[in-house]
Amino acid sequence: MLRIGLTGGIGAGKSALSATFAKCGAVIVDGDVIAREVVQPGTEGLEALVAAFGDDILLPDGALDRPALAAKAFGDDEARQRLNGIVHPLVGKRRAEIIASVPADSVVVEDIPLLVESGMAPLFPLVVIVYADVEVRLRRLVDQRGMPEADARARIAAQASDEQRRAVADIWVDNSGSPEDLVRLAHELWDNRILPFAHNLSRRQVARAPARLVPPDPSWPDQAGRIVNRLKTASGQRAMRVNHVGSTAVPDLPAKDVIDVQITVESLAVADELAEPLLAAGYPRIEHISSDVAKRDARSAVARYDRSDDPGLWGKRIHASADPGRPTNVHIRVDGWPNQQFALLFVAWLSADPEARDEYLAVKRSAVARAGGDTVAYVEAKEPWFLDAYRRAWEWADATGWKP
């Protein structure tokens with residue numbers, strides 16, 4: 001199952017986007033619909049709202065007077081938090097019931113108005129944000145929904161900012177154009193990213209990226225930050241630390257457009273426990289690579305550690321993203337083992353040593369030319385350089401006092 005978190009500011013067009021996804025075959029779990037359901041007359045949700053805000057939020061027939069509740073709940077932070085504290089748990093419970101009832105190979109789009117505000121973004125393998133300028137949203141709320149302008153502005157102001165939404169967005173959909181433009185964008189997104197992602201995930205396949213260098217992308221750290229948060233959430237207490245590593249973590253270094261992340265664990269047994277949680281997060285395990293990588297890592301080790309030539313101490317587990325839009329490698333290594341320490345050291349060393357960084361870039365360019373786009377050939381072409389780089393990096397660490 002591929003779960004997608006969909007959100008955006010009120011009036012941005014979440015419902016229109018989810019409606020198109022539904023026509024494509026997605027199962028839509030609409031937070032607004034559920035939020036209405038859990039406060040129907042006779043529900044514990046409505047009873048709790050009346051206790052918190054007074055019986056003047058009820059219509060004569062006993063139903064919830066939503067404008068009256070909004071006038072009370074969106075006037076200050078404390079009231080809004082009280083509202084959210086009542087409604088969010090009930091919505092979450094009902095959402096879980098719906099998701100548990102759908103087929104295992106479904107694409108589930110969860111339309112959650114306060115996904116950012118509630119900190120739920122890391123729970124999803126993919127987060128889609130629908131954007132429209134504040135004034136555009138305001139006009140939609142006033143002209144199309146008949147909302148008083150003051151109320152519309154208060155609702156907009158009470159929600160997350162565009163900057164907060166960008167921080168969690170894997171995909172940013174600009175809905176400033178026509179309804180037809182949004183439908184076209186939705187179909188392109190579905191065909192080119194969502195459906196391939198779901199296909200890969202159902203088959204436990206990863207998205208491959210060619211061995212091709214691209215200029216440094218200033219958004220790599222932000223993208224890695226989202227991935228790190230997602231992996232921390234999926235790993236829970238099993239992860240001792242989660243770090244952005246590899247070339248994309250080194251400032252100003254051209255690299256393959258692949259984010260590398262290291263999860264540090266207590267043992268390989270713990271790493272094995274993460275197989276299913278990481279799969280649910282969008283990162284299938286690459287079953288056949290662990291021993292090969294361990295052997296290559298071991299050959300690259302030098303005698304700094306008495307035990308570093310033991311392949312057992314260079315073992316790891318590796319996962320990779322099933323999302324074709326964001327190729328990612330997830331390396332799970334054991335705390336204190338040479339490969340775990342070197343992954344952290346390598347980023348620090350290259351970030352601090354421009355000459356070493358330039359030298360490595362030359363090696364990478366040569367490897368790309370020799371590999372012809374093949375990732376395995378690219379890795380093998382770089383391997384001889386690491387024999388000496390390992391020693392030099394630790395010499396730098398000793399000289400500077402760097403610790404993993």
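Arg392 is partly exposed, with a relative accessible area of 22% (buried means under 20% relative accessible area, exposed over 50%, and partly exposed in between, with a 1.4 Å probe and protein chains only). The structure is a predicted model, in which local features need pLDDT of at least 70 and side-chain atom pairs count only at pLDDT 80 or more, while totals for chains, interfaces and linings use all residues. Residues are numbered from 1 along each chain as its sequence is written, and side-chain values use heavy atoms, with hydrogens and water left out.

Side chains of opposite charge can pair when their charged atoms come close. The structure contains 24 salt bridges, a salt bridge being a side-chain nitrogen of Lys or Arg within 4 Å of a carboxyl oxygen of Asp or Glu. Arg392 takes part in a salt bridge with Glu359, with 2.8 Å between the closest N and O atoms. This pair links distant parts of the chain, since Arg392 belongs to helix H16 (residues 375-400) and Glu359 to helix H15 (residues 354-371), 33 residues apart. Helices (H or I, at least four residues) and strands (E, at least two) are DSSP runs, numbered from the N terminus. Glu359 is partly exposed, at a relative accessible area of 31%. Arg392 also forms a salt bridge with Asp388, where the closest N and O atoms are 3.9 Å apart. Arg392 and Asp388 are four residues apart in helix H16, so about one helical turn separates them. Asp388 is partly exposed as well, with a relative accessible area of 33%. Elsewhere, salt bridges that share partners join Glu135, Arg139, Asp143, Glu149 and Arg153 into one network.

A further salt bridge brings together the side chains of Glu273 and Arg238, at 3.1 Å from N to O. Glu273 is in helix H11 (residues 268-273), and Arg238 is in the loop between helix H10 (220-235) and strand E7 (241-245), so the pair ties together parts that are 35 residues apart in sequence. Glu273 counts as partly exposed at 44% relative accessibility, and Arg238 counts as partly exposed at 33%.

Aromatic pairs were assigned among rings of Phe, Tyr and Trp (its six-membered ring) whose centres lie within 6.5 Å; planes under 30 degrees apart count as stacked, over 60 as edge-to-face and the rest as tilted. The count by this rule is 14 aromatic pairs. Phe342 and Phe346 form a tilted pair, 5.6 Å from centre to centre and with 45 degrees between the planes. Both residues lie in helix H14 (residues 338-352), four residues apart, or about one turn of the helix. Phe342 and Phe346 are both buried. For Trp394 and Trp402, the ring centres are 6.1 Å apart and the planes stand at 65 degrees, so this pair is edge-to-face. Trp394 is buried at a relative accessible area of 5%, and Trp402 counts as buried at 18%. Ring pairs also link Phe342, Phe346, Trp349, Tyr360, Trp385, Phe386 and Tyr390 into a cluster.

Four strands form an open sheet in the order E7-E9-E11-E10, with mixed pairing; two strands pair if DSSP finds at least two bridges between them. E7 and strand E10 (317-320) stand at the edges with a single partner strand each, so one side of each is left without a neighbour in the sheet. From one strand to the next, the twist averages 25 degrees. E10 pairs with strand E11 (residues 328-334) in the antiparallel sense over four bridges, and His319 stands opposite Val330 in E11. Helix H14 lies across E7, strand E9 (259-265) and E11, and runs at about 45 degrees to E7. Axes are lines fitted to C-alpha atoms, for helices over the stretch in contact, and angles run from 0 to 180 degrees between N-to-C directions.

Asn200 is located in helix H9 (residues 179-202) and is buried, with a relative accessible area of 11%. Leaving aside residues up to four places away in sequence, Asn200 touches Gln205, Val206, Ala207, Ala322 and Pro324, contact meaning heavy atoms within 4.5 Å.
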